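This briefing is meant for a reader meeting the structure for the first time. Please look over the sequence and the model below before reading the notes that follow.

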Amino acid sequence: MRKRNCFTKRLILMVMLCLSMAVSMPCSVSAKTQQVTSGNKKVDKKAKAIIKKTITSDMSDAQKVKAIHDYIVLNCAYDYDNLLRGTIPSVSYTAEGVLLKKTAVCQGYAEAFKLLMDMMGIPCKMVTGTANNGSGYAGHAWNIVKVSGRWYHIDVTWDDPVPDKKGNVRYSYFLIPDKKIDDDHKWNRSSYKKCTTDNSAKFIRLIGEVSETMDEAVDALYDDYMLHKGSQSTIIINKKLYKEGFQYDLFDGLAERYGLRFYGWRYTEPVEYGNYYMIQFQDFSC
């Protein structure tokens with residue numbers, strides 16, 4: 001009996017020691033990948049390397065989605081020249097086109113995004129349908145992804161400027177509901193999960209800080225301009241700030257406060273996120 005009690009005590013001590021070590025061990029820097037394969041070893045190896053480089057264990061699923069969204073946009077260009085010539089190679093329709101060749105069309109973007117989501121264990125589907133490219137509706141592919149228990153659309157292709165602009169990332173199609181993407185995308189809704197949750201302001205702070213006053217907006221534009229060296233600047237403002245001539249008041253503030261004088265620039269129409277607008281500026285000329 002005494003030997004058995006002694007053995008039990010030792011077992012308890014060993015379990016407690018293991019538990020204490022587990023608590024004190026630091027988290028892995030990068031997220032573990034699931035056993036998922038594209039059927040191409042080089043593509044799988046590259047996908048795992050991207051996850052290791054861009055994803056950390058303390059990220060939320062929304063942060064992981066944004067990191068992969070941004071990586072693809074910044075490291076792949078839409079195969080525009082081949083599209084115009086009618087000579088798109090088959091590789092541009094695949095994840096290999098995105099991850100290895102760094103050139104692809106919508107199907108390749110959607111397949112690469114899905115592969116990376118699958119490897120991280122984030123539910124994701126590829127959607128095939130049509131989208132209005134300005135001259136009418138044509139075949140198109142994008143994704144829906146599940147974040148915080150809800151499904152959202154994400155079109156990485158349409159968030160990548162064409163022609164390609166180095167360092168530029170758009171967020172017009174980042175985690176949006178059916179009713180928003182329906183403006184220019186069509187699909188068989190019965191074949192896919194419903195995306196009924198308005199993104200509202202839920203994900204807006206992933207993109208940047210929210211400016212509630214004009215002074216804050218001026219500072220935010222200056223900081224982002226300096227950070228990205230003028231290639232592209234993004235600000236997020238309370239809807240109440242936006243009115244006719246807003247952009248001119250904003251640039252007057254830049255000139256007055258920071259001495260930055262711009263005589264030309266391009267900006268996107270405000271993208272609505274609940275009570276906020278996201279506006280992106282680029283092609284500055286002094």
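Predicted model: local features only at pLDDT ≥ 70, side-chain atom pairs only at ≥ 80, totals over all residues.

Helix 3 is largely enclosed by the rest of the structure, because 11 of its 15 residues are buried.

**Helix 3**
- Helix 3 covers residues 61-75 and reaches 21 Å from its first C-alpha to its last, which is close to the 21 Å expected at 1.5 Å a residue.
- The buried residues of helix 3 include A62, K64, V65 and K66, and H69, D70 and V73 are also among them.
- These buried residues pack against helix 2 (41-54), helix 5 (95-101), helix 6 (106-120) and helix 8 (204-207), as well as against strand 4 (137-147) and strand 5.

**The sheet and the helices on it**
- Four strands form an open sheet in the order 5-4-3-6, with antiparallel pairing, and its edge strands, each pairing on one side only, are strand 5 and strand 6 (185-186).
- Strand 4 and strand 5 run antiparallel and are joined by five bridges, with N143 standing opposite I154 in strand 5.
- Helix 6 packs on the sheet, where it touches strand 3 (124-132), strand 4 and strand 5, and its direction makes about 10° with that of strand 4.
- Helix 3 lies across strand 4 and strand 5, running at about 145° to strand 4.

**V169**
- V169 is found in the loop between strand 5 (150-154) and helix 7 (178-181), and it is buried, with a relative accessible area of 5%.
- Leaving aside residues up to four places away in sequence, V169 touches H69, D70, V73, L74, D159, Q232 and Q280.
- The C-alpha atoms of V169 and S233 are separated by 9.7 Å, although the two residues are 64 residues apart along the chain.

Note on methods
Residues numbered from 1 in each chain as written. Heavy atoms only, no water. Helix = DSSP H or I, 4+ residues; strand = E, 2+ residues; numbered from the N terminus. Buried < 20%, exposed > 50% of the residue type's maximum accessible area, 1.4 Å probe, protein only. Contact = heavy atoms within 4.5 Å. Expected span 1.5 Å × (residues − 1). Pairing = 2+ DSSP bridges. Axes fitted to C-alpha atoms, helices over the stretch in contact; angles between N-to-C directions.
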